[in-house]
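Please read it alongside the sequence and structure shown below.

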Amino acid sequence: MLSRSARGVAQPQVLRQLRYLSTSGGPSSLLLIEHSGSKIDAGSLSALTAASQLGGEVTGLVVGAPEEVKSVVEQAKRLKGLSKVLHASSPQYAAPLAEQLSPLLQEVLKSSAYTHLVASHSTTGKSLLPRVAAQLDVPAVSDIISVTYGSDGSTTFARPIYAGNAISTVKAPSDIKLKVFTVRGTAFDKASEDGEPVEDKAVDPVEVPDLPTKHLKTSITQSDRPDLGVASRVVSGGRALKSAETFNTTLHPLADVLGAAVGASRAAVDAGYADNSLQVGQTGKVVAPELYIAIGISGAIQHLAGMKDSKMIVAINKDPDAPIFQVADVGLVADLFEAVPELVEKLK
């Protein structure tokens with residue numbers, strides 16, 4: 001039996017059981033379905049698309065507090081591409097701590113012939129899946145942008161490295177019986193939510209005594225604008241906006257008239273112009289909207305890593321040699337304090 005201790009390393013029997021179960025048949029994936037406010041996160045919808053590209057069955061796992069899980073399960077049952085939905089509810093799962101969830105995932109993994117463990121490259125996915133992989137002594141691949149399942153049982157991934165300036169191809173051979181990976185949400189379309197309902201099954205929560213980590217609180221920034229991570233239009237500002245006041249008075253009217261989310265460069269966040277939840281870039285959020293407007297952003301490589309997959313990039317900067325113009329589809333060399341208000345008036 002697998003140890004139920006959050007601190008313990010998975011017993012060898014688990015891997016032997018995984019190898020036994022996965023010797024027959026094709027791929028079978030377990031997808032962690034994340035949610036907030038009783039709504040499935042967009043990143044999990046993209047992760048489902050990635051898991052579906054492997055072929056075979058995809059089983060969803062919903063974990064959370066009892067008051068949230070029921071409605072999320074009803075949504076998950078209609079996700080196109082899922083074969084079944086498992087769910088575990090307990091007050092201890094109200095906050096998705098890796099130390100709390102990893103024993104549950106290990107219990108679920110050993111119950112069936114799963115060949116892949118998948119999650120979005122979110123805060124939870126980045127902390128939970130590597131922990132599970134380490135406890136099972138298997139490798140983990142993070143932030144993948146493509147995935148292919150081979151006829152020999154191997155799985156080939158592509159993932160960006162060097163701030164997105166190179167793409168690494170990683171092949172996990174068939175003798176690795178469980179492949180663990182997280183998915184970059186902007187690289188895959190979101191799965192449809194209008195499929196035929198599939199069966200759901202409850203699984204018992206795993207009690208974790210002496211949890212080494214405690215959740216204190218969750219602080220959520222309230223905004224009437226679209227969520228930055230999934231918005232189809234984004235207006236971002238850089239350090240050239242000079243202050244938090246001018247950042248707001250310059251960018252917000254443009255964002256309002258476009259129905260866009262507001263983002264910021266790391267330099268703007270570090271200078272205190274914007275909250276760190278708005279940071280776009282290698283160490284912030286990765287976005288790929290239909291329209292990305294970069295205002296007063298020079299185009300450092302760390303920022304480009306977070307937005308260069310946008311469908312249309314518009315740059316406004318008074319420096320004609322700014323690196324942002326090298327990736328922009330449309331560029332305007334002008335004083336942003338004159339150009340942006342004029343643009344807002346014309347759009348109105």
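In this predicted model, the lining of the second largest pocket draws at least two residues from each of strand S4 (57–64), strand S5 (84–89), helix H4 (98–109) and strand S12 (200–202). Helix H4 makes the greatest contribution to that lining, with three residues. Elsewhere, five strands form an open sheet with parallel pairing.

**The second largest pocket**

- The space in the second largest pocket amounts to about 350 Å³.
- The pocket is lined by 20 residues, of which Leu-86, Val-108, Ser-111, Lys-201 and Val-203 are the closest to its centre.
- By residue class, the lining of the second largest pocket comprises eight nonpolar, seven charged and five polar residues.

**The open parallel sheet**

- The strand order of the five-stranded open sheet is S14-S13-S15-S16-S17, and the pairing is parallel.
- Four bridges join strand S13 (residues 233–237) to S14 in the parallel sense.
- Within strand S14, Gly-263 is the residue that stands opposite Ser-236.

**Helices on the sheet**

- Helix H6 (residues 244–258) packs on the sheet and touches S13, S14 and strand S15 (291–295).
- The direction of helix H6 makes about 170° with that of S13.
- Helix H9 (residues 336–347) lies across S15, strand S16 (312–317) and S17.
- Relative to S16, helix H9 runs at about 130°.

**Val-234 in strand S13**

- Val-234 belongs to strand S13.
- Val-234 counts as buried because its relative accessibility is 1%, against a cut-off of under 20%.
- Leaving aside residues up to four places away in sequence, Val-234 touches Leu-228, Ala-260, Ala-261, Gly-263, Pro-289, Leu-291, Tyr-292 and Ile-293.
- Gly-263, one of the residues touched by Val-234, is also the residue opposite Ser-236.
- Between Val-234 and Gly-272 the separation is 38 residues in sequence and 20 Å in space, taken from C-alpha to C-alpha.

Conventions:
Residues are numbered from 1 along each chain as its sequence is written. This is a predicted model: local features need pLDDT of at least 70, side-chain atom pairs count only at pLDDT 80 or more; totals for chains, interfaces and linings use all residues. Side-chain values use heavy atoms; hydrogens and water are left out. On a 1 Å grid over the protein atoms alone, a cavity is a set of points where a 1.4 Å probe fits but cannot get out, and a pocket is an open set with protein on both sides within 12 Å along at least five of seven lines; lining residues have an atom within 4 Å of a point. Grid points are joined across faces, edges and corners, and a volume is the space filled by probe spheres set on the points. Ala, Val, Leu, Ile, Met, Phe, Trp, Tyr, Cys and Pro count as nonpolar, Asp, Glu, Lys and Arg as charged, and the others, Gly among them, as polar. Two strands pair if DSSP finds at least two bridges between them. Contact means heavy atoms within 4.5 Å. Axes are lines fitted to C-alpha atoms, for helices over the stretch in contact, and angles run from 0 to 180 degrees between N-to-C directions. Buried means under 20% relative accessible area, exposed over 50%, partly exposed in between (1.4 Å probe, protein chains only).
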